Structures are given as structure tokens and as C-alpha cells.
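Biologist: Could you walk me through how to read a model like this one? I'd like to begin with the ligand and then move on to the charged pairs.

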Amino acid sequence: MTAAGTDAKVALVTGATSGIGKAIADRLIREGFRVVLNGRSFAGQSGSPTIAESPTILGPSIVLNSADLLDERTPQALLDSAVESFGRLDYVFVNAGTIESAPIETIDIEKMCTMLRLKVESSFRLIYTVLKHMKKQGYGHVFITSSVLGTKTRENSGAYAAGNHALEALAESLRMELSDTDIQITCIEPGLVSTNLHRDWPVHPKELLNIGSSLTPEDIADAVWDVMLKKDYIRIPRLMILPRGHRV
Ligand SMILES: NC(=O)c1ccc[n+]([C@@H]2O[C@H](COP(=O)([O-])OP(=O)(O)OC[C@H]3O[C@@H](n4cnc5c(N)ncnc54)[C@H](OP(=O)(O)O)[C@@H]3O)[C@@H](O)[C@H]2O)c1
């Protein structure tokens, strides 16, 4: 592990309490980054989510902010946490998400709309909030966790795919707008990853979609780290990551 110094780069990660976001956060901390981590339920923290303005500071290099991203004040509060705690913001991982995927007869419309508010509205708010800051500071890199369903769709998963397509459309437009700047956008498009995302599904997608094996969250963190290590003039707008046997 590298100790995070006062010149260490700063990253904000949403969805950092589990799965892909937690693996990215763990990797960044190991690599010596200073981090602001968001998610409603950090292990060891009890009680209801704290309000957006009350981050928990864990030593000099980790700030936990357990605000709900569905609260429209949260994106600005996360940016403020980073800038007030560390004075800069180099990387943002727009990663929090849920999934609601079911046939017409059983789909829960309220859960579907909440999924879309998180995946689309909250993500768009966060992306534009941090980009306004990055435009002023002149640098930054925003990673967006989209999905293999960011460029295609699947029966029963139209709303989930639509949310990811929306992120991809925004990312491509922003890539064009920012192409002559030092601000970058990368959409990560994972196939099936073993996380809590599908924990309420009666049949696991591995069986449902006949996918031989799934990726680990650490596989995604490794791929992200590879993108972060590339030369400055190279842009990687999209990266699809699939396990062997992921046909659909
Ligand atoms: N797993 C896969 O196969 C897969 C494949 C492609 C893309 N993805 C995408 O990857 C991203 C991460 O998912 P994952 O697989 O790592 O699932 P996960 O383990 O369930 O993690 C989801 C994260 O989102 C956070 N979150 C959910 N609702 C929130 C809210 N209202 N406010 C703040 N945070 C909230 C959760 O934290 P709390 O519950 O603590 O708030 C958790 O940290 C998602 O956008 C998902 O669409 C996943």
C-alpha cells in the first residue's frame, strides 16, 4: 500500500458500499488515492442515512458520505466533500445503480422508476455537477458504470437497458464537447459481475442467460486501473468487459 500524501490524487466513488464500486474504492485506496466514498450503508455504520452535508472523516485520506443519491442535493454535497476535504477532484466514478427486470405481468413500476431516477437523473446531476468543477480546474476523468446493456437490449430488461443507453448517449455527447480539453469520459460496460445487484432475483442471471461464468468486482477494478494508467493523450470512451461464455 502507498500512503496517501497531501499531493495524492483525489477520487469520488458512488456505490462504494458493495460490488464494483467497493472494489474500485479498495483499489484506489491501495494505490494511495485520497477518496470520497458514497453509498447509504457502509459496514459498521448504524442508523438511517446521514444527511448529505454530514460526511464521516476516516483519517486524512478517506471520507465516507452516506447520503442518498436520490436526494437532489447529494451531487453538490459530494463535490463539496471532495473539494473541502482535499482541495481537488481528479477522478469521479458514477457507479451506483439498481436493477429492475421482469415481464410485464410482474414488473414493479415504482421500483423501475426509482431505478431510472438513480441510473439516469442522479447520474446526470452528478456528472454535470462535477464537470462544471472540472471545467474550472481544467482537468479530470469521469468513469461511468454503464453495462453490456448500454449498447443493446434484452427481453424483460428494457428499462434497465434504456437507463444505460441514456448514460452512453450523454457520455458520447460530452466526449465530443470535451475532446480538446484535459477532461475525459469513459463508460465501463461490464457483462455479468458477481455482486449484490441480482440478489433478489428468484433465478440467478447466470442460469437465466446461460452464462458460463461471471466476472468479479476486482476484474472491473483492474480494467479501470489499466485505463487510468494509459498515456495522457489517449482517450478510451468505452470499454466492454465480458467473462468467457457471455454470449447475450
Ligand atoms: N453486477 C453486474 O452484473 C453489473 C453488470 C453491468 C453493470 N453493472 C452496474 O454496476 C453498477 C454497480 O452495481 P453492482 O453490480 O456493484 O451492484 P451492488 O453490489 O448492488 O452495488 C450497488 C451500489 O449502489 C448503491 N446505491 C443503490 N441505491 C443507492 C442510492 N439511492 N443512493 C446511493 N447509493 C445507492 C449501493 O449502496 P447502498 O445500498 O449502501 O446505498 C451499492 O453500493 C450499477 O450501476 C450496475 O448497473 C452491474
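**Reading the ligand shell and the salt bridges**

Modeller: Sorted by class, the shell around the ligand has 16 polar, 11 nonpolar and 3 charged residues. Keep in mind that this is a predicted model.

Biologist: How many residues surround the ligand, and which are the closest?

Modeller: The ligand is surrounded by 30 residues, with Thr-17, Ser-18, Arg-40, Ser-41 and Tyr-160 the closest. Helix 1 (19-30) and helix 3 (109-137) each give at least two residues to that shell.

Biologist: Which polar side-chain atom lies 2.8 Å from a nitrogen atom of the ligand?

Modeller: That one belongs to Asp-68. Backbone atoms take part too: a polar backbone atom of Asn-95 is 2.8 Å from an oxygen atom of the ligand, and a backbone N or O atom of Asn-196 lies 3.4 Å from an oxygen atom of the ligand. Taken alone, the ligand exposes 890 Å², and the protein buries 94% of that.

Biologist: On to the charged pairs. How many salt bridges does a search of the whole structure find?

Modeller: The search finds 11. To count, a side-chain nitrogen of Lys or Arg has to be within 4 Å of a carboxyl oxygen of Asp or Glu. Take Arg-125 and Glu-72, whose closest N and O atoms are 3.6 Å apart. This pair links distant parts of the chain, with Arg-125 in helix 3 and Glu-72 in the loop between strand 4 (62-65) and helix 2, 53 residues apart. Both also belong to a network of salt bridges with Arg-117 and Glu-121.

Biologist: Is Glu-72 buried or exposed?

Modeller: Glu-72 counts as exposed because its relative accessible area is 55%, and the cut-off for exposed is over 50%. Arg-125, at 32%, is partly exposed.

Biologist: Where does the pair of Arg-238 and Glu-168 sit?

Modeller: First the distance: their closest N and O atoms are 3.8 Å apart. Arg-238 is in strand 8 (residues 238-241) and Glu-168 in helix 4 (residues 158-177), 70 residues apart, so this is another pair that links distant parts of the chain. Glu-168 is buried, at 9% relative accessibility, while Arg-238 is partly exposed at 47%.

Biologist: And what about Arg-175 and Glu-172?

Modeller: Those two both lie in helix 4, 3 residues apart, or about one turn of the helix. Arg-175 is partly exposed at 30%, and Glu-172 is partly exposed at 33%.

Methods. Residues are numbered from 1 along each chain as its sequence is written. This is a predicted model: local features need pLDDT of at least 70, side-chain atom pairs count only at pLDDT 80 or more; totals for chains, interfaces and linings use all residues. Side-chain values use heavy atoms; hydrogens and water are left out. A residue is near a molecule or strand if one of its heavy atoms lies within 4 Å of it. A polar contact is a pair of N or O atoms within 3.5 Å; within protein, one must be able to donate a hydrogen and the other to accept it, and residues adjacent in sequence count only if both atoms are side-chain atoms. Accessible areas come from the Shrake-Rupley method with a 1.4 Å probe; for residues, only the protein chains shown count as cover. Helices (H or I, at least four residues) and strands (E, at least two) are DSSP runs, numbered from the N terminus. Ala, Val, Leu, Ile, Met, Phe, Trp, Tyr, Cys and Pro count as nonpolar, Asp, Glu, Lys and Arg as charged, and the others, Gly among them, as polar. Buried means under 20% relative accessible area, exposed over 50%, partly exposed in between (1.4 Å probe, protein chains only).
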